[in-house]
Amino acid sequence: MPRAAISSPAPITTAASARRGQNASAVPADPTAEPLGLVELPVGEWRVWVFVHGGADAPPLAETLSEMDTEVAPYEPERLVTAERHEYRVEANWKVVAENYNECYHCGLLHPELCRVSPPRSGAPFEGSGLDNWVGGWMELRDGAATMFLNGASGGLPLRGIDGPRTRRVGYIALLPNLLISLHPDYVMTHRLTPLGPGVTHVECAWLFAPEAVAESDFAPSYARDFWELSNRQDWSACESVQRGLATPGYTPGPLCEDEADVYEFVALMARRYLGT
Ligand SMILES: [Fe+2]
């Protein structure tokens with residue numbers, strides 16, 4: 001079972017309470033006592049995120065994420081400051097949201113602002129993408145664009161660990177099952193997806209900046225927030241449209257195109273997890 005990113009251990013408590021409630025008369029005086037006690041699940045921390053594993057035989061978290069960490073480590077998310085956080089309710093299945101994140105096939109039609117700072121067909125997959133528990137790749141920034149912003153300027157400071165090609169690209173990583181990590185030269189953005197039902201997803205979007213940038217007297221996260229707030233709304237609208245299409249009696253799965261290679265990898269990884277292989 002894949003690990004899920006969480007913000008607090010609350011889901012564990014919730015699950016255990018529900019189990020006890022199945023037969024209230026059997027609840028012992030000490031609810032932590034065997035055999036009806038709380039179920040202990042493996043919890044691990046990686047950089048700034050907390051993960052819970054749904055089974056008892058979790059492999060070491062650092063080992064599980066080591067290949068992906070090669071791409072994330074230079075951004076040092078553990079030292080960054082969350083300066084902005086938005087929450088959304090998307091009327092679509094969480095996998096529709098994840099698939100949308102994993103392709104820019106839709107960008108030309110949906111995101112004119114994004115296309116002005118980053119060519120939608122640029123970039124390449126990261127080494128190791130699609131092999132185990134994550135899918136990801138990068139896209140270029142256009143000449144004159146310092147980051148993802150409505151006019152391509154940065155209102156922050158470059159992250160201290162970023163140099164070379166990473167100063168001219170944005171990395172996009174989907175870590176199964178529910179954490180999306182977007183790596184910019186001057187900030188890291190995350191989307192945490194929580195299914196509320198088969199057709200509804202809660203999305204928490206957070207923007208993390210260098211502490212020295214946040215300490216500047218004229219710092220404002222709006223330069224990054226406004227860009228992605230617009231793109232997020234455009235994406236949620238498209239996801240909800242896809243969800244409506246999936247729900248129609250005439251829906252038939254179609255082939256994926258060349259620009260949807262990451263979607264194929266995501267779908268294949270999910271299929272393997274559902275099959276338990
Ligand atoms: Fe999009």
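A: Start with leucine 175, whose bridge partner is leucine 179 in β8. Strands are DSSP runs of E of at least two residues, helices are runs of H or I of at least four, and both are numbered from the N terminus. This is a predicted model: local features need pLDDT of at least 70, side-chain atom pairs count only at pLDDT 80 or more, and totals for chains, interfaces and linings use all residues. Residues are numbered from 1 along each chain as its sequence is written.

Q: In which sense do strands β7 and β8 pair, and over how many bridges?
A: Strands of a sheet pair through backbone hydrogen bonds, either parallel or antiparallel. Two strands count as paired if DSSP finds at least two bridges between them. Here β7 (residues 169-175) and β8 (residues 179-183) are antiparallel, with 5 bridges.

Q: What is the strand order of the open sheet?
A: The 7 strands run β4-β10-β9-β8-β7-β6-β5, with antiparallel pairing. β4 (81-90) and β5 (124-125) are the edge strands, each pairing on one side only.

Q: Which residues have the most contacts inside the largest nonpolar core?
A: In soluble globular proteins, nonpolar side chains tend to be buried together. A nonpolar core is a set of buried Ala, Val, Leu, Ile, Met, Phe, Trp, Tyr and Cys residues joined through C-beta atoms within 7 Å. Buried means 20 or more other C-beta atoms within 10 Å of the residue's own, with C-beta atoms placed from the backbone. The largest core has 56 residues, and Val97, Ala174, Ile181, Val188, Phe209 and Ala224 have the most contacts inside it.

Q: Why does this core lie between domain 1 and domain 2?
A: Domain bounds come from an automatic or database domain assignment. Domain 1 (4-62) and domain 2 (66-275) both give residues to the core, so it lies between them.

Definitions and conventions:
A residue is buried if 20 or more other C-beta atoms lie within 10 Å of its own, exposed if 12 or fewer, and partly exposed in between; C-beta atoms are placed from the backbone.
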